[in-house]
Amino acid sequence: MDSFAPLFTYAAALAVAAVIPGPGVAALVGQALGNGLRPALFFLIGITLGDVAWLTIAVAGLAALAQVFAGALLVIKLLGGAYLVWLAWKFWTSGAGIIRAEGARPQNGLRSVLAGFTLTLGNPKTIIFYMALLPSVLDLRQVHLGEWGLLALLTVLVLFAVLSPYAVLAAKARGMMKSTEALARINRAAAGIIGVAGVLILGQAAQALVRRA
């Protein structure tokens with residue numbers, strides 16, 4: 001890339017795509033409402049890693065390969081959607097208890113990262129951006145290893161800048177609720193948000209299965 005203009009163009013396009021609510025944003029808000037800020041930030045790390053993975057696929061010119069492995073992506077989408085539905089059920093049935101698992105923080109963090117990562121790999125909005133829209137923003141033939149590093153760093157910065165406020169505000173909303181009834185309502189609100197995101201992803205996966213049949 002001959003100038004910083006393509007980087008700014010990419011950052012602006014990514015910010016616009018990221019700020020539009022979709023399954024990823026819904027799941028992030030649900031995580032913050034149900035579990036608090038820390039697990040939500042781990043989830044956001046997973047989302048970011050998923051975006052970097054799709055960026056790498058696009059830059060490497062592997063869009064055709066992604067189509068070849070569409071079946072694997074469909075499985076990932078099914079797993080991501082099923083996990084969100086399961087998480088929604090856990091929130092709905094947890095009553096007013098805040099799910100913490102104090103003795104297993106590292107494991108919970110890793111699980112949240114993997115959840116965000118798999119969700120992003122199967123998120124149609126993310127796939128459309130990197131496979132269809134990104135080539136119209138950047139000349140991917142001119143992107144080499146150094147430029148990829150800049151784009152990956154920019155991806156991390158933009159996504160955290162755009163999506164962190166969702167998590168912070170949702171976590172603050174939960175922190176303001178002290179009564180048992182209020183916490184129960186927050187848990188069920190989180191369950192509803194995450195459940196809808198999971199059902200949407202499973203529905204899209206089902207449509208893809210029908211088209212392949």
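Q: Which residues make the nonpolar surface patch of about 250 Å²?
A: In this predicted model, Val16, Val19 and Ile20 together make that patch. One of its members, Ile20, sits in the loop between α1 (residues 5-19) and α2 (residues 23-35).

Q: Is Ile20 to be read as exposed, partly exposed or buried?
A: The class follows from the relative accessible area, with buried set at under 20% and exposed at over 50%. Ile20 counts as partly exposed because its relative accessibility is 44%.

Q: How many helices and how many strands does the protein have?
A: The secondary structure consists of 9 helices and 0 strands. Read from the N terminus, the order of elements is α-α-α-α-α-α-α-α-α.

Q: What do the totals for burial and surface come to?
A: The protein has 213 residues, and 43% of them count as buried. Its accessible surface comes to about 10800 Å², and carbon and sulfur atoms account for 73% of that area.

Q: Where do nonpolar side chains tend to be found in soluble globular proteins?
A: As a general idea, nonpolar side chains in soluble globular proteins tend to be buried together. In this structure, the largest nonpolar core has 39 residues, and Tyr10, Leu55, Tyr130 and Leu163 have the most contacts inside it. Helices α1, α2, α3 (37-59), α6, α7 (124-137) and α8 (145-175) each contribute at least two residues to this core.

Q: Which residues does Tyr130 touch, leaving aside those up to four places away in sequence?
A: Tyr130 touches Tyr10, Leu14, Asp51, Trp54, Leu55, Ala58, Pro135 and Thr155. Tyr130 counts as buried because its relative accessibility is 0%.

Q: How is a pair of aromatic rings described?
A: The description uses the distance of the centres and the angle of the planes. A search of the whole structure finds 2 aromatic pairs. In one of them, Tyr10 and Phe129 form a tilted pair, with 6.4 Å from centre to centre and 45 degrees between the planes.

Q: Which parts of the chain does the pair of Tyr10 and Phe129 tie together?
A: Tyr10 belongs to helix α1 and Phe129 to helix α7, so the pair ties together parts that are 119 residues apart in sequence. Tyr10 is buried, with a relative accessible area of 0%. Phe129 also counts as buried, at 5% relative accessibility. Phe129 and Tyr130 form an edge-to-face pair, with 4.9 Å from centre to centre and 90 degrees between the planes. Tyr10, Phe129 and Tyr130 form one aromatic cluster.

Q: Is Asp51 buried or exposed?
A: Asp51, which is found in helix α3, is buried because its relative accessible area is 6%. Not counting residues up to four places away in sequence, Asp51 touches Leu14, Thr120, Thr126, Tyr130, Thr155 and Leu159.

Q: Where is Ser112, and which residues does Ser112 touch?
A: Ser112 is placed in helix α6, which covers residues 105-121. Its relative accessible area is 7%, so Ser112 is buried. Beyond residues up to four places away in sequence, Ser112 touches Gln31, Pro39, Phe42 and Phe43.

Q: What can be said of Val113, and how far apart are Val113 and Thr48?
A: Val113 is placed in helix α6 and counts as buried, at 14% relative accessibility. Leaving aside neighbours within four places in sequence, Val113 is in contact with Phe42, Ile45, Gly46 and Leu49. Val113 and Thr48 are 65 residues apart in sequence, and the distance from C-alpha to C-alpha is 9.3 Å.

Q: Is Leu169 buried or exposed?
A: Leu169 lies in helix α8 and is exposed because its relative accessible area is 59%. The C-alpha atoms of Leu169 and Leu33 are separated by 9.1 Å, although these residues are 136 residues apart along the chain.

Conventions
Residues are numbered from 1 along each chain as its sequence is written. This is a predicted model: local features need pLDDT of at least 70, side-chain atom pairs count only at pLDDT 80 or more; totals for chains, interfaces and linings use all residues. Side-chain values use heavy atoms; hydrogens and water are left out. Helices (H or I, at least four residues) and strands (E, at least two) are DSSP runs, numbered from the N terminus. Buried means under 20% relative accessible area, exposed over 50%, partly exposed in between (1.4 Å probe, protein chains only). Contact means heavy atoms within 4.5 Å. Patches are made of residues with over 30% relative accessible area and no salt bridge: like charges are joined within 9 Å, nonpolar side chains (Val, Leu, Ile, Met, Phe, Trp, Tyr) within 5 Å. Accessible areas come from the Shrake-Rupley method with a 1.4 Å probe; for residues, only the protein chains shown count as cover. A salt bridge is a side-chain nitrogen of Lys or Arg within 4 Å of a carboxyl oxygen of Asp or Glu. A nonpolar core is a set of buried Ala, Val, Leu, Ile, Met, Phe, Trp, Tyr and Cys residues joined through side-chain atoms within 4.5 Å. Rings of Phe, Tyr and Trp (its six-membered ring) pair if their centres lie within 6.5 Å; planes under 30 degrees apart count as stacked, over 60 as edge-to-face and the rest as tilted.
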